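Good morning, colleagues, and thank you for joining this meeting. I would like to take you through one structure, beginning with the ligand and ending with the chain as a whole.

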Amino acid sequence: MIKIAVAKGDGIGPEIMRAVLHIFNEAKVPLEYEMVEMGKWVFDKGFNNGMTPAAKETIEDLGILFKGPMETPKGKGVKSVNVTARKTWNTYANKRVFQTLHGVDTVFSKAGIPIDITIVRENIEDTYGGIEHMLTHDVALSRRFITRPGSLQVIKYAFEMARKKAAKRITCGHKANIMKITDGLFLDIFYEVAKDYPDLKADDVIVDDLCMKLVTRPDIFDVVVLTNLQGDIVSDLCAGLIGGLGFAPSANIGDHICIFEAVHGTAPDIAGQNKANPTALLLSGISMLRHLGLMKVAAMIENALLFTLESGIHTGDFGNKEIPALGTKEFAEAIIHNFHQQPKQGAKPNLEDQPPTQTKFKLERNPMLESIEKENEVIVGVDLFIESNEQPDAIAMKCLKNAGMKFTLVNISNRGTQVWPTGSVYTNLVNQYNVRFESIDHEPLNQQDIIGLYISLSANFKICSSELLNRWGDKNAYSMAQGQ
Ligand code: NAI
């Protein structure tokens, strides 16, 4: 018996979890479940991260969490327990499989276009850090971290997974044409890793083009790897291609802890009514069984599910309206009734069981993921973000007066567009500028020089935020303003 942690979740969570565990029990899946306290109701009991200390300990001991959807309490300052769980336990890859399910009608199934797309979404970084500040009353800032080690973890996982499934293509979705440093880093790492996988066809598509191609030719894609937010949006798009959120499973993969859950949320509109479709959670559970090496029982249950769908049996959210919809419980019973049946199309092969993928061990300290040696790092300037409602020329005059002997004012931008020394009066302004200072003759600077400039400029402006301008070897480690 393998022991795993189970959290039933909120809203429809308890109903669909009950249905799935009932299917597992009837299939004699060799799992033992330890129920843990997580979710909205745990927030309500006063635990700010939505889980009890005992739940955290159990999950860290067992390494596998099977969870129902959880509600994020409304209101500022409260973080989603779903995102907290993925980030705390470094489940860096979010794998979401979208496959044509016969019996679930979509425009593509009707047109005979098969879909089998696996989205691998980076799960820790990006704007999902939720690191946000109001810089002025008019201007909000979100910090977007894309890191080399974080990107390496998820991209290596995507290539490994693509090789295992003998994928015909692995694609990086990105917006590196605009976000040259953040998405550019992700894309560079994609091609660095690709060199170790010459057997796989690796290419990249800009994310907007990717969305257009996915809705016109979904059959040309296989594995797609993306940063967090883009991956989130593109995976819901893919859920739409195969019939909706009720069919979209997800696995959050880390080196020590993995979380299996449906993509959908708590569906408060149908909670407690025995109407929810348990398919997405069941498919997530089936992928967990495969992760644990339980290949035979996984294939048996999946084939029973596919046979059930193919027979036209459905819950209220899909299927032929002329055939009465079943409730959650009855749908689960229908699947149990169809154990050992084979669907006519897309039957899953009966593979031998394998040792579990998971390597579980207790960590003594937080792993530090440093991936690259520092080379020739020099500070050559600073971007100071200042609050002001003055015109660019007036700001420039004050800045020049305060620049001192070591700095020169290079440019001023507003919302990323240059407005000084050249610009257009048609560029609308908000009350927050970026004034960029560089060292005279590119002389190396130190932090004291920057602090000196900061103090001198603070006599005239409120400085909301600042960033060092670094050069590494012959490369600028910062972006240019639009029009610079
Ligand atoms: P939702 O996914 O809960 O619902 C969207 C629509 O899809 C609703 O009409 C719902 O009835 C339907 N739906 C979803 N799952 C279904 C199922 N299994 N069977 C039949 N119909 C289904 O998204 P919404 O309303 O935006 O979020 C509700 C709550 O869920 C929020 O508190 C949100 O934060 C949370 N949430 C949690 C997630 C998680 O635990 N991983 C993921 C997404 C949202």
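Let us begin at the ligand. Around the ligand there are 21 residues, and those that come nearest are Met70, Asn82, Gly265, Ala267 and Asp269. Please bear in mind throughout that this is a predicted model.

What is the make-up of the shell around the ligand, in nonpolar, polar and charged residues? The shell divides into 9 nonpolar, 6 polar and 6 charged residues.

In the side chain of Glu261, an N or O atom is 3.2 Å from a nitrogen atom of the ligand. For His264, too, a side-chain N or O atom is 3.2 Å from a nitrogen atom of the ligand. Thr266 takes part through its backbone: a polar backbone atom of this residue is 3.0 Å from an oxygen atom of the ligand. As for the surface of the ligand, it exposes 820 Å² when taken alone, and the protein buries 67% of that.

I now turn to a single residue, Asp183. This residue is found in helix H7, which covers residues 182–194. Is Asp183 buried or exposed? Its relative accessible area is 1%, which is under the 20% limit, and therefore Asp183 counts as buried. The side chain of Asp183 makes a polar contact with the side chain of Arg144, at 2.7 Å. Leaving aside residues up to four places away in sequence, Asp183 touches Arg144, His174, Lys175, Ala176, Thr227 and Gln230.

Finally, let us step back to the chain. In secondary structure, the protein chain has 14 helices and 18 strands.

The C-alpha atoms fill a box of roughly 80 × 50 × 45 Å along the principal axes. Of the 484 residues in the protein chain, 49% are buried. Among contacts in the protein chain with a separation of 6 or more, 77% are accounted for by residues 24 or more positions apart. The protein chain exposes about 23,600 Å², of which carbon and sulfur atoms supply 54%.

Thank you for your attention.

Conventions
Residues numbered from 1 in each chain as written. Predicted model: local features only at pLDDT ≥ 70, side-chain atom pairs only at ≥ 80, totals over all residues. Heavy atoms only, no water. Near = heavy atom within 4 Å. Polar contact = N/O pair within 3.5 Å; in protein donor to acceptor, adjacent residues only side chain to side chain. Areas by Shrake-Rupley, 256 points an atom, 1.4 Å probe, with all protein chains shown as cover. Nonpolar A, V, L, I, M, F, W, Y, C, P; charged D, E, K, R; others polar. Helix = DSSP H or I, 4+ residues; strand = E, 2+ residues; numbered from the N terminus. Buried < 20%, exposed > 50% of the residue type's maximum accessible area, 1.4 Å probe, protein only. Contact = heavy atoms within 4.5 Å.
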